[in-house]
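I began with the cavities, then turned to one helix and to the aromatic rings.

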Amino acid sequence: MSENKSSSNWTRRSFIKAMGLGGAAGSALVLSGCGDTDIINEVDLEVRKEKVEPNVDPQDYVRPGIEMYYASTCRQCPAGCGVHARIREGRVLKLEGNPVSDVNHGRLCPMGQAGLQSHYNPDRLTKPMLRKGGKLVEISWDEAEDVLRKNLGRKNAKLAWLSGATSGHHRALVDAYLAAAGAKNHFVFDTLPPAVGHAANQEMFGSYMPRLDFDKAKLIVSFGADFLGTWMSPVQFSSQYAEFRNAPRGTLVQIEPKMTLTGANADRWIPARPGTEGHLALALASLLVQKSEYADRVPADVVASLKDVNVDEVAKLCDIPVERIHHLHHLMIDRSPSLVLSGASAEGVQHGSETARAILMLNVLLGNVGETILPRSEDPFPALAPRMGGWSEVKAMVDGLNKGSFDTVVVFGSNPLYQAPDFMHADKAFDKAKFRISFSMFPDETTMACDLVLPVHSYLEEWNTTMPAYAATDGYLGLQQPVMNPVFGSHATRSFGDLMLDVLKHMDPNFKQWDSYQAYVMGALWTMRPALVKQYKPSVPGQTEEEAFKQGILSDGFVQMKVAKAAKIEAKVSAVTLPAEKANANYPFRLIPSARLGLWDGRHANVPWLQELPDQLTEVVWDSWIEIHPKTAEKLGVITGDVVQVESSAGKAKVKVVVFPGIHPDAVAIPLGQGHTEYGRYAKGVGVNPFSILAALFDGKTGELATYATDVKVAKIESRGKLVTLANGDLVLESNTSTQAGRELVKTTTAENFDLTEKGA
């Protein structure tokens, strides 16, 4: 059997690879399609001759007062939740979760609900800009595309591409472009995905993110994994957590230095001294291996290393009563199977990899592997799989710029000039590139430092596919479709996919067979239909198979791919050695840069709905603050509302105090999200960014920035100021605090009160 070639000398295998459909499933597609007729002639020429129209066509679809719904995928974070967009008169009015999506089962978090405020945001970029004479000036799209092709439409091994977490056909298209350009420098930077935990999972379980079965667990012990707030896929985990809480009711224990949303929902919240979580895990493991039924599950050298752990000393180190450690040990034995999770506060230290391995080892000792920790099937199309990235990648890009390794930088979906700590000097490194290009919706810090700025569609205006960061079901691929015409018109913003496809056409004529990114995505999905679980057949007279397929997948909002049966997990456990924790006399407090559901890592600071969303624990809005334990506040002589200076070895920041009992006395916490110097009217100049003062400390194994390892000192510099909250009680600052809870919202008055009667009003 031989492969046929199209007139452009593209083999069937090359064609499939170009659409991101390589891998085992792609090979099956190649084999299943072999025959006398080439797939390009049979399918894609048919697709090409179709008339491409917007999905929302006012002449055909608008019915005054009648609502319509379109299925798509949320892009507010890497979780990839399915959404239903409610449309009326050609405008999207509301987003809700897609009830048949395996990611979120009809639920949607506040960030997903606020997607409309990003979509309709008045600060969106609507004109391409080019730096001339040191200043960005507006240019036409014709000129912008000429400049884009001039700088990207050529071979260039010194090109660096930086993107946020990526997957699906955006990833496939970028990879195809970089291959055509001869560039191998694709950096992925997202601040929150647990790169250290992923590496530990890969080492121990052979999968960067095994499947977690909350339903089967009777006990969850989480070391800082905020799975109800910001960890991986919080909407999905919230649904699983609800099942976990059903009868028989599961027990949740949360161990962390600063209370998260998950900690606030726990049956037992244990505030551990920052950086000691790994020691606590080893102490629990040492108690377990005293019984042979647990010791037999790990190698003998691991058991020997655990027998040296002194539980009483660990209790003092962690600042946890020793009785509580023993109680937790017995709870682990009594409530089986269980699930032990490792999260950001545990992993974000210089020995984060060792800490994560110590925590995950508890799952092996407790027999959770194969019960609540389940294997993953191999990705059927690896080119579409999610790349989460991390701090080590943005550091590598900055180092490359400083060395002169890159002359052109392209940024899409990432904002390193805001997120990178000051010690990295990312702005100075960025200046060393000869030409910088940004595909962006908003004037963020990185975009405004670029030489060419290209305004792109929102995810509610563009075609794409997304593979979730974590999915309970293997083989899930979310479909993104435009739910309305572009808000500002196609003359203002463009599809990222269309822009890059146009560049590729000039570099490789084979890509000319797709006249739009929509055709590229839909052609890829049509080609991969033999690899899908669900097959769509014509349901009305005269409907073709291709029409039925497209209608079916657009209605569902996702496709489910066939996957091979997952192999059994074979856990690999090795002895863990942790360094002794040392107090820092000059900087006595550990800084916790805490992520929160809403502003996330700062990407949603320009959304007023989310600025108005009260913090789930302190209920502060529109501001930054520092959380300090009451005992620590008493020693420092501060109360809620005072302004303090927080100083690390790398920098300092001024911020208001919130006295908060949900934090260890040796820690202070500043929430992420504020401190923008650009990014539109709702974000610019509000609060501080705790990332900026992080010290240059890294995990020794992965090279990830140790975001929870910076020590600081705190000093009062001003007395009480205004603090806007939505609370009663401790956070209310008497007469000089603006609050909503408990205030009289409506007052009656007369014209005399305004002295208007004398003026004839």
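**Cavities**

I searched the whole structure and found 7 cavities of 30 Å³ or more. A cavity here is a set of points, on a 1 Å grid over the protein atoms alone, where a 1.4 Å probe fits but cannot get out. Grid points are joined across faces, edges and corners, and a volume is the space filled by probe spheres set on the points. The model is predicted: local features need pLDDT of at least 70 and side-chain atom pairs count only at pLDDT 80 or more, while totals for chains, interfaces and linings use all residues. Residues are numbered from 1 along each chain as its sequence is written, and side-chain values use heavy atoms, with hydrogens and water left out.

I noted about 610 Å³ of space in the second largest cavity. Its lining (residues with an atom within 4 Å of a point) comprises 43 residues, and the closest to the centre are Leu-192, Ala-344, Ser-345, Ala-595 and Tyr-708. I recorded that α9 (195-205), α17 (344-347) and β20 (589-594) each supply at least two lining residues. Helices (H or I, at least four residues) and strands (E, at least two) are DSSP runs, numbered from the N terminus.

**Helix α19**

I looked up α19 (residues 391-403), which has 13 residues and reaches 18 Å from its first C-alpha to its last, close to the 18 Å expected at 1.5 Å a residue. That expected span is 1.5 Å times one less than the number of residues. Gly-404 follows α19, with a positive phi near 80 degrees.

Among the buried residues of α19 are Trp-391, Met-397 and Leu-401; buried means under 20% relative accessible area with a 1.4 Å probe, protein chains only. The buried residues pack against elements including β6 (159-163), β14 (408-412) and α21 (426-431), where contact means heavy atoms within 4.5 Å.

**Aromatic rings**

My search of the whole structure gave 23 aromatic pairs. Rings of Phe, Tyr and Trp (its six-membered ring) pair if their centres lie within 6.5 Å, and planes over 60 degrees apart count as edge-to-face. The rings of Trp-391 and Phe-691 are edge-to-face because their centres are 5.1 Å apart and their planes at 80 degrees. Trp-391 lies in α19 and Phe-691 in the loop between β24 (667-671) and β25 (711-718), so the pair ties together parts 300 residues apart in sequence. Trp-391 is buried at 4% relative accessible area, and Phe-691 is buried at 3%.

Note on methods: Buried < 20%, exposed > 50% of the residue type's maximum accessible area, 1.4 Å probe, protein only. Phe/Tyr/Trp six-rings, centres within 6.5 Å; stacked < 30°, edge-to-face > 60°. 1 Å grid on protein atoms, 1.4 Å probe; cavity = no way out; pocket = protein on both sides within 12 Å on 5 of 7 lines; lining within 4 Å.
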